[in-house]
Amino acid sequence: MARETSSTQSYSEKWYWDDRYTNESDSFDWYQNYSSLSPLINLYLPPHPTHRSLVIGCGNSAFSEGMVDAGYEDVVNIDISSVVIDAMNKKHSDRPQLKYLKMDVRDMKAFEDASFDAVIDKGTLDSILCGSNSRQHSTQMIEEVWRVLKDKGVYILVTIFVVDYVLFYLFNAIIFDFIRDLSYLPDYIWSSQLSASAV
Ligand SMILES: C[S@@+](CC[C@H](N)C(=O)[O-])C[C@H]1O[C@@H](n2cnc3c(N)ncnc32)[C@H](O)[C@@H]1O
C-alpha cells in the first residue's frame, strides 16, 4: 500500500485513521466541541423523540455523546476506521441512543433512501477533500448524504475550508448531476469562522 503521501493527503485514507486511532485512545473533537456548536445545532435540529441523526466520520469525538446528553434519542455514527468503531462501540455499549457502524460515507447502501432527519459532518468532507481524486470522492459522498436525507432534512457541515470552495463541490454533486428542484434542497449550515486547529 502506498504510504508516501503527505500527512494531510493521508486524511482520506483508512490506513491513516486506523493507525492514528490505534495510538490515540482519548476522545478528541476536531474544530469545535458539542457545547460550542449546540446553539447552532439546536436552531436547525431541535431534539425530537422521533428524529434520527447520522454523524458521518465520527472518529472518537464526544460530539454525539453531547447530543444524547442534550436529549437526542437516535444518533447513528459511522466511520471508515474499524479501530475507532470498535473502541466507540465498547465505550458506549450502555447507551442505546448511540450506534456506531463501520462504513464508508461514499457508500452507505446499508441505509435506505430518506432515512435521516439530519446528517452532521465535522471534518469528514474536509478529510476527503485533502486526498487524491477528491472531486470524484467528494461527489460520491455528497450524493450519498443527499440520498439518505429526508426531504427537508438538514446537512450540517462544519468545515475548515472557505465556503465558496466547498459550495463548488456541493453544487457540482447536487445541482449539476441531479438537476433537482431547488425547493427540495436541504438547508446548509456553514461554519467558516473556525480557527485552523487541525492537527
Ligand atoms: C478530521 S476527522 C473528524 C472526526 C470527528 N468528526 C470530529 O469532529 O472530531 C475525520 C474523520 O473522518 C473519517 N473518515 C475519513 N474518510 C472517511 C470515509 N470515506 N468514510 C467514513 N469516514 C471517513 C476518519 O476516520 C476520521 O475519523
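Let me start with a definition: a residue is buried if 20 or more other C-beta atoms lie within 10 Å of its own, exposed if 12 or fewer do, and partly exposed in between, with C-beta atoms placed from the backbone. Helices (H or I, at least four residues) and strands (E, at least two) are DSSP runs, numbered from the N terminus.

Two housekeeping points, everyone. Residue numbers start from 1 along each chain as its sequence is written. The model is a predicted one, so to speak of local features we ask for pLDDT of at least 70, side-chain atom pairs count only at pLDDT 80 or more, and totals for chains, interfaces and linings use all residues.

Now the overall picture. The protein chain has seven helices and six strands, in the order α-α-β-α-β-α-β-β-α-α-β-α-β along the sequence. Of its 199 residues, 37% count as buried.

On to helix H1, residues 14-23. Which of its residues are buried? They are Tyr 16, Trp 17 and Tyr 21. The buried residues of H1 pack against helix H4, 82-91; contact here means C-beta atoms, placed from the backbone, within 7 Å.

The chain runs from S2 through H4 to S3, a right-handed β-α-β crossover. Right-handed means that, with the strands pointing away from the viewer, the path from the first strand over the helix to the second runs clockwise.

Finally, the ligand. How many residues surround the ligand? There are 22, and the closest are Trp 17, Gly 57, Gly 59, Ser 61 and Gly 123. To be near, a residue needs its C-beta atom, placed from the backbone, within 6 Å of the molecule. Trp 17, then, is both one of the buried residues of H1 and among the closest to the ligand.

Notes: Two residues are in contact if their C-beta atoms, placed from the backbone, lie within 7 Å.
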